[in-house]
Every structure is written in structure tokens, then in C-alpha cells.
Amino acid sequence: MKKILVVAMLTVIAVSGAFASGQAESGEEETYVIKLSHSTPDADQIGQVAETFKELVEEYSGGRVMVENYPHMQLGTEQENVQDVASGSLEAAIVYTGNYKPFAPSSGVLMLPYIFTNAEDAWNGMDSVFDALNERVVEESGTRIIGYFDRGFRYLTNSVKPVRTIDDLEGLKIRVSKVDIAIETFTAWGLEPVPMAWAEVPTALQQGVIDGQENPYATIWSHKFYESQDYVTEIHYLIWTGPIIINNDFYESLPADLQDAVDRAGREAAEFGRQFALNGEEEAKQKVADAGMELLGPPQDEEVWQERAQSIWPQFYDGVGGEAWVEEALGLMGKM
Ligand code: MLT
């Protein structure tokens, strides 16, 4: 009995400690502070999603939930952010699904190569699995998704040669994110990719440690990759998708009306992000072309890239929550 009491007391101390940074007293009504971290400058799409979330949740909660945004990796890398949101030392973050998946494997179903054909298809996919995925990621990581948006296809850039066919990849040192799906897909294309944390990429490109990388036009522009990269090949294996995540215990500690405010603001901020990406892609593409990059369009043999990448789907099933979940998710998306 004594032991149970001690464990119960320690749990109460741990839980109240975890929320110390998230709550503040104000007169009779409790107010809450959400520290939200992301990896891009404020003016970038992701920064704008963060600002939109802040404005909306502060409005919908009548000022009882306040948001402090921390842009540009001030609070660490995306994977560190996910870890911190999972532990409760940070309330919220916006991250690439590739950096979320190591902690919330089931989200990886959105990264199966060539699963989405365009942005609208990805929106439908994210929306159809939203609730089922949330049940799983809360269990897997202690984090909850409150909005999911995209940033466009991840296109291949390099500084060495025009890549027009799969054979042109030979000899290139291409950085990929540290996620098995990206690593194995590039391996299936005959490369030995270089997995590297996102924070190291700009310098590695500048110093020629790597020849290339893959990311949406928005990123190529906002991170000035045109300064070191000459060619863009529009491979369509993966759409950048990213969740707005929140610590689930913190979320559940909020009164119901504030949970609603957070949910509504998260979904609307994500919707804003989707439209921002759709409208901004052509502009970012034009800007990188004006900055001197040669845009090569899709590979001439795109079906070979697709066949090779899709042939290895089964090897990802265990890492994205299991084959049954993949089937359930594809069913929800109307892709079975
Ligand atoms: C990555 O390549 O690691 C991500 O796409 C970076 C990002 O979140 O923009």
C-alpha cells in the first residue's frame, strides 16, 4: 500500500513538473503557454504556418492559450524537437514526417514512395487517415497530431551533372534524411546515399562534402541551395508532408474548450500551409531558375524509378506500423 502511495505521489510530481512551463496562473482562469519549435526562417511556409497557428489559437481561446514560436532550429534539430515534445519538455513542434517517423512509425505510411500523385491526393490521404493515425501515434510517441500539411514534391538537386535518367545517378553523393524509406529507395535506384541530419546539409553542400540532396522547391529557395547546386530533377517519389504535433499529456490537461481551440487552430493552420505550398511552388521554382539553376523536369525514364521504388514497399511495412496498418490506411485513402 505504502509503495503504491509513493509511486502515485511521484507520478503527480512528475506530471505537474512536466507542465510547469506550459501553464501560468492568471486570475481565476488558468492560462497555458505553448512553446512551438520549427526549423525554418519565419518568412518560410513552415514559419508562416507556425505564426498562423499562434494567431488562431490565441484568438479561439480568448487569450487563454498563448504560443511562443521558436523558428530556425533555435531549440534543436527536428528529431530533437520530436523527442522533446514526446517527453513533455517542449509543448509543440512542426516537423517533416521523415523526422517524426523514428518516434511515431505509423506516420511513415505517408512516405511510401509514389503513394501520392499530387498535392490534392496527399491532402486527401492525410485527412482520411487523420483520426486512425492519431490513435496510433499517441500510443507510439505520446505526441498528438493537430494538423497535417504538405510542402510539395521533394526534388533532386546536385552540383555535378544533369540527371535525366536513373543511370545518371551513378557516382553522385546524395544526402537523404535519416529515414529508412529514403535510404532504401535511393539504394534501389543504385546509389549509396548519405544519410545526414538536416541541420548539417547547407554547410555540407557549400563545402562539397555531398553533391546533392532532395527537397521541395520552397526549401531549395529558402535555404539558398541555388548557391551550391546547379541542376534540379523533378523526381516524384515523395511529397514533403509534415505534422503539427503537441505533447498528448499537455493536450489532455487542457479544458475541453481549449482542446477544441487547439484542434481548430491546428487544422486551419495546416490548411493555410497547404494553400501556401500550392500557390508558392511555381514562384519558388521560378526564383531558383532565375538564380541560375537548370530545371530538367521529370526523369526521361520515370517509370523505371517508380517501378524500382514501389517494388520495395514490403520491406517498409514493419517500420511503418505493420502490413495490417498499411492496408487499413490505403483503404481509408481509397487506394485499395
Ligand atoms: C529534411 O530534408 O530533413 C527535411 O525536409 C527538412 C525540412 O524539414 O524542411
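Biologist: How far does a polar side-chain atom of Asn215 lie from an oxygen atom of the ligand?

Modeller: This is a predicted model, in which local features need pLDDT of at least 70 and side-chain atom pairs count only at pLDDT 80 or more, while totals for chains, interfaces and linings use all residues. Residues are numbered from 1 along each chain as its sequence is written, and side-chain values use heavy atoms, with hydrogens and water left out. A polar contact here is a pair of N or O atoms within 3.5 Å, and within protein one must be able to donate a hydrogen and the other to accept it, with sequence-adjacent residues counting only if both atoms are side-chain atoms. For Asn215, the separation between a polar side-chain atom and a ligand oxygen atom is 2.8 Å.

Biologist: Are helix 5 and helix 10 roughly parallel or antiparallel to each other?

Modeller: The helices, DSSP runs of H or I with at least four residues, are numbered from the N terminus, and their axes are lines fitted to C-alpha atoms over the stretch in contact, with angles from 0 to 180 degrees between N-to-C directions. Helix 5 (residues 119-141) packs on helix 10 (residues 256-290) at about 165°, with axes 11 Å apart. Angles under 35 degrees count as roughly parallel, over 145 as roughly antiparallel, 65 to 115 as roughly perpendicular and the rest as oblique, so helix 5 and helix 10 are roughly antiparallel.

Biologist: How many nonpolar residues does the contact of helix 2 with helix 10 have?

Modeller: Helix 2 (residues 45-60) and helix 10 pack at about 150°, their axes being 8 Å apart, which makes helix 2 roughly antiparallel to helix 10. The contact, meaning heavy atoms within 4.5 Å, includes Val49, Phe53 and Leu56 of helix 2 and Ala265, Phe272 and Phe276 of helix 10. Ala, Val, Leu, Ile, Met, Phe, Trp, Tyr, Cys and Pro count as nonpolar, Asp, Glu, Lys and Arg as charged, and the others, Gly among them, as polar. On that basis, beside 5 polar and 2 charged residues, the nonpolar ones number 12.

Biologist: How far apart are the axes of helix 5 and helix 12?

Modeller: Among the meeting residues are Val129 and Leu133 in helix 5 and Trp325 and Leu332 in helix 12. Helix 5 and helix 12 (residues 323-332) pack at about 155°, and the distance between their axes is 8 Å.

Note on methods
Helix = DSSP H or I, 4+ residues; strand = E, 2+ residues; numbered from the N terminus.
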